[in-house]
Amino acid sequence: MSHNKQVALVTGANRGIGFELVKQLALNGFRVILTSRDQEKGHEAAQSLKHSDLDVSFVQMDIDDQVSIHQASLIVKKTFGRLDVLINNAGVYLDENELLLTMDPSILEKTMSTNFFGVYHVIRSFIPLMEKRSYGRIINISSEYGMMNEMSERGVGAYKLSKLALNALTQLIAAEIQGDIKINAVCPGWVSSDMGGPAAPRTPKQAAESILWLATIGPDGPQGGFFRDGKPIDW
Ligand SMILES: NC(=O)c1ccc[n+]([C@@H]2O[C@H](COP(=O)([O-])OP(=O)(O)OC[C@H]3O[C@@H](n4cnc5c(N)ncnc54)[C@H](OP(=O)(O)O)[C@@H]3O)[C@@H](O)[C@H]2O)c1
């Protein structure tokens, strides 16, 4: 196992798009840290990839829990000593048939806790590892539901707000970052995962393929952008 290999970490990677991202990063030569909030599911997912000789390690991390995020960052620092790519993939979609004015407010709070604050705390905890080497690529998995024009359509308010805030966070952090550290957001399209449902036209594999170019952009690559299939979205 080469320790000169770049190290990538994916949140919420025990299933769906996150699992595919881990697999493809490993196939492309990264040492990959598969994180999951559930110890058993995460361990099993990592083992299934290790059996195919892929360089994948499991670290438990619940992005709703700042202690868990901090502990995971300490493990990554101690075990790997670097982080080149961070993919904020973990997310929840809890308000499919709900309206903001009538839903239990806890749905909005829980959605913002995972899809917005979770990502914020993960970036804050892991960016020092990137700053140490003045290099990093951060990819936030967002959604076209987070575009401004979606805000005038009723429904899915909690999820839409969380992804709108995530897109804004991406731009704000891009404006603060120093060195060759890039942060961008991406919409994976409508994907046939547990979240997207079986009718979705795109597989997790296709979604991961449409995202991973952002993991290897050069110093002149985009900063603070929002993309789908490699094309910028004017949100
Ligand atoms: N599928 C789509 O059509 C679609 C479209 C646009 C954007 N997206 C975005 O793509 C990303 C991945 O979605 P997906 O379709 O792969 O969804 P998914 O199949 O439902 O998987 C979501 C993953 O996030 C994890 N997760 C949820 N809360 C977490 C927490 N607090 N800490 C750590 N992990 C947590 C889940 O873990 P558990 O197994 O423990 O629940 C699971 O591994 C999400 O950010 C989603 O918003 C998806």
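This is a predicted model: local features need pLDDT of at least 70, side-chain atom pairs count only at pLDDT 80 or more; totals for chains, interfaces and linings use all residues.
In the pairing of helix α3, which covers residues 66–79, with helix α4, which covers residues 105–131, the axes lie 9 Å apart and form an angle of about 20 degrees. Because angles under 35 degrees count as roughly parallel, α3 and α4 are therefore roughly parallel to each other. The crossing in which α3 passes α4 is right-handed. On the side of α3, the contact is made by Gln66, Ile69, His70, Ser73, Val76 and Lys77, and these residues meet His121, Val122, Ser125, Phe126 and Leu129 of α4. Sorted by class, this contact between α3 and α4 comprises 5 nonpolar, 5 polar and 1 charged residues.

The other pairing involves helix α1, formed by residues 16–27, and helix α6, formed by residues 204–211, whose axes are 8 Å apart and meet at an angle of about 60 degrees. This angle makes α1 oblique to α6, and the crossing of α1 and α6 is right-handed. Here Gly16, Ile17, Phe19, Glu20, Leu21 and Gln24 of α1 are in contact with Pro204, Lys205, Ala207, Ala208, Glu209 and Ile211 of α6. The residues that make up the contact of α1 with α6 divide into 7 nonpolar, 2 polar and 3 charged.

How values were computed
Residues are numbered from 1 along each chain as its sequence is written. Axes are lines fitted to C-alpha atoms, for helices over the stretch in contact, and angles run from 0 to 180 degrees between N-to-C directions. Helices (H or I, at least four residues) and strands (E, at least two) are DSSP runs, numbered from the N terminus. Angles under 35 degrees count as roughly parallel, over 145 as roughly antiparallel, 65 to 115 as roughly perpendicular and the rest as oblique. A crossing is left-handed if the near helix is turned anticlockwise from the far one by less than a right angle, and right-handed if clockwise. Two residues are in contact if their C-beta atoms, placed from the backbone, lie within 7 Å. Ala, Val, Leu, Ile, Met, Phe, Trp, Tyr, Cys and Pro count as nonpolar, Asp, Glu, Lys and Arg as charged, and the others, Gly among them, as polar.
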